[in-house]
Amino acid sequence: MSGTTNLQPTNLLGLPREGMREFFASLGEKPFRATQVLKWIHHRHASSFDAMTDLGKSLRARLDTIAEIRPPAVAADRTSTDGTRKWLFAIDSRNCVETVYIPDGHRGTLCVSSQVGCALNCTFCATAQQGFNRNLDAAEIVGQLWAARRLLAEEGHEGPDITNVVLMGMGEPLLNLDNVVPALELMLDDLGFGLARKRVTLSTAGVVPGIRALALRCPVSLAVSLHAPDDALRDVLVPINRTYPIDMLLAACREFADALPRQKITFEYVMLDAVNDTPEHARRLARRLSGLPAKVNLIPFNPFPGIRYRRSPAVVVDRFRDILMAAGVITITRKTRGDDIDAACGQLAGRVTPRSRRVARRRGVQAAPVLQGA
């Protein structure tokens, strides 16, 4: 395996079960070593090989020279008045990503980033305004979960454990599938974090080939950032719609639903005042989702500096919800959490040294203007 010959140590945080077995096979070790090390890392939060007392001293010494357990470093740590907590994780010398822990009753949800920035240019999202630098590798994705769990445990955290993970942080996870899939495998594996598929959700802006690939490689719960019921409006709000328009996107969602029977697909819809929140928008959305195992999350817009959009009034959101519900579409309004520390949906910015315009042009995704009157 390349990790045994490269000068750069292999970060074992990013190796799922099969990858860990291959790593130890390359050292001439038995497969049970992979099981031991996975348990040490993910069940006992071990960050050094010296702590792994059921490994021989010679093997521990060898691992010290060729491998590491390196989570992202905490660059900042803020807690909201509602208990939401946001970490800024340094993933290299120039870039940071943000990760959010949201306690809610007996459930604790961790919102994880998959890229440094984002190249998709959704016009209402703070991450998009930061530009794009690079994909996170599997260790950097899993490392956010590993670090959050360890930090909470070390502090004697009295709130709920992390029971749910959502890839709804910075970045488009389906444009980083080769790193996201092994990270998901570790989240699901009993030797890793042992989460049920229904408790791990991947959110996409609508990368159609990625939806189909995810269904084959690692089907978890799917959330789709829809935000408009027609192509003309969605082209502006979510520019990747120009490449994968709504009909194509919903066809891929139907295929995904066939791969996960009895599981609903969540459609996220940010409520923008006088932009996408009229009764006619609601009726068109209901028609679009007819026949799909759909659940709609209405998201009150969370503002950030320099944006011209406004949040829809509560009465408008309620009216929109009632129209969808009357049409038979399960609909909830997401409670805003952590907005006082810029940790709410759409507010994650991190610290990004951007390359986004070049990457966006290469993918055929263009920056979109803010709607007039928004």
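At a relative accessibility of 15%, Asp189 counts as buried. In this predicted model, Asp189 forms a salt bridge with Arg17, and the closest N and O atoms of the two are 2.5 Å apart.

Ten strands make up an open sheet with mixed pairing, in the order E3-E4-E5-E6-E9-E10-E11-E12-E13-E14. Strand E3 (73–79) and strand E14 (330–333) stand at its edges, and because each has a single partner strand, one side of each is left without a neighbour in the sheet. On average, and with direction ignored, neighbouring strands of this sheet are turned by 20 degrees against each other. Helix H11 (residues 314–326) packs on the sheet, where it touches E12, E13 and E14, and its direction makes about 165 degrees with that of E14.

E12, helix H10 (residues 279–288) and E13 together make a right-handed β-α-β unit.

**Strand E12 and Glu268**

All seven residues of strand E12 (residues 265–271) are buried, so the strand is largely enclosed by the rest of the structure. Ile265, Phe267, Tyr269 and Met271 point one way from E12, whereas Thr266, Glu268 and Val270 point the other way.

Which residue of E12 is the bridge partner of Ser225? The partner is Glu268, and Glu268 also stands opposite Asn297 in E13. Ser225, which lies in strand E11, counts as buried at 14% relative accessibility; leaving aside residues up to four places away in sequence, Ser225 touches Ser203, Thr204, Ala205, Arg234, Val238 and Glu268.

The side chain of Glu268 meets that of Arg334 in a salt bridge (3.5 Å, N to O). This pair, too, links distant parts of the chain, with Arg334 in the loop between E14 and helix H12 (356–362) and Glu268 in strand E12, 66 residues apart. Glu268 counts as buried at 3% relative accessibility, whereas Arg334, at 22%, counts as partly exposed.

**Salt bridges compared**

A search of the whole structure finds 21 salt bridges, among them the following.

| Pair | N to O distance |
|---|---|
| Arg17 and Asp189 | 2.5 Å |
| Arg334 and Glu268 | 3.5 Å |
| Glu280 and Arg284 | 3.6 Å |

Glu280 and Arg284 are four residues apart in helix H10, which means that about one helical turn separates them. Glu280 is partly exposed, with a relative accessible area of 32%, and Arg284 counts as partly exposed at 27% relative accessibility. Both belong to a network of salt bridges that links Asp230, Glu280, Arg283, Arg284 and Arg287.

**Cysteines**

Cys96 is buried, with a relative accessible area of 3%, and Cys111 is buried with a relative accessible area of 10%.

Conventions
Residues are numbered from 1 along each chain as its sequence is written. This is a predicted model: local features need pLDDT of at least 70, side-chain atom pairs count only at pLDDT 80 or more; totals for chains, interfaces and linings use all residues. Side-chain values use heavy atoms; hydrogens and water are left out. Buried means under 20% relative accessible area, exposed over 50%, partly exposed in between (1.4 Å probe, protein chains only). Helices (H or I, at least four residues) and strands (E, at least two) are DSSP runs, numbered from the N terminus. Two strands pair if DSSP finds at least two bridges between them. A crossover is right-handed if, with the strands pointing away from the viewer, the path from the first strand over the helix to the second runs clockwise. Axes are lines fitted to C-alpha atoms, for helices over the stretch in contact, and angles run from 0 to 180 degrees between N-to-C directions. Contact means heavy atoms within 4.5 Å. A salt bridge is a side-chain nitrogen of Lys or Arg within 4 Å of a carboxyl oxygen of Asp or Glu.
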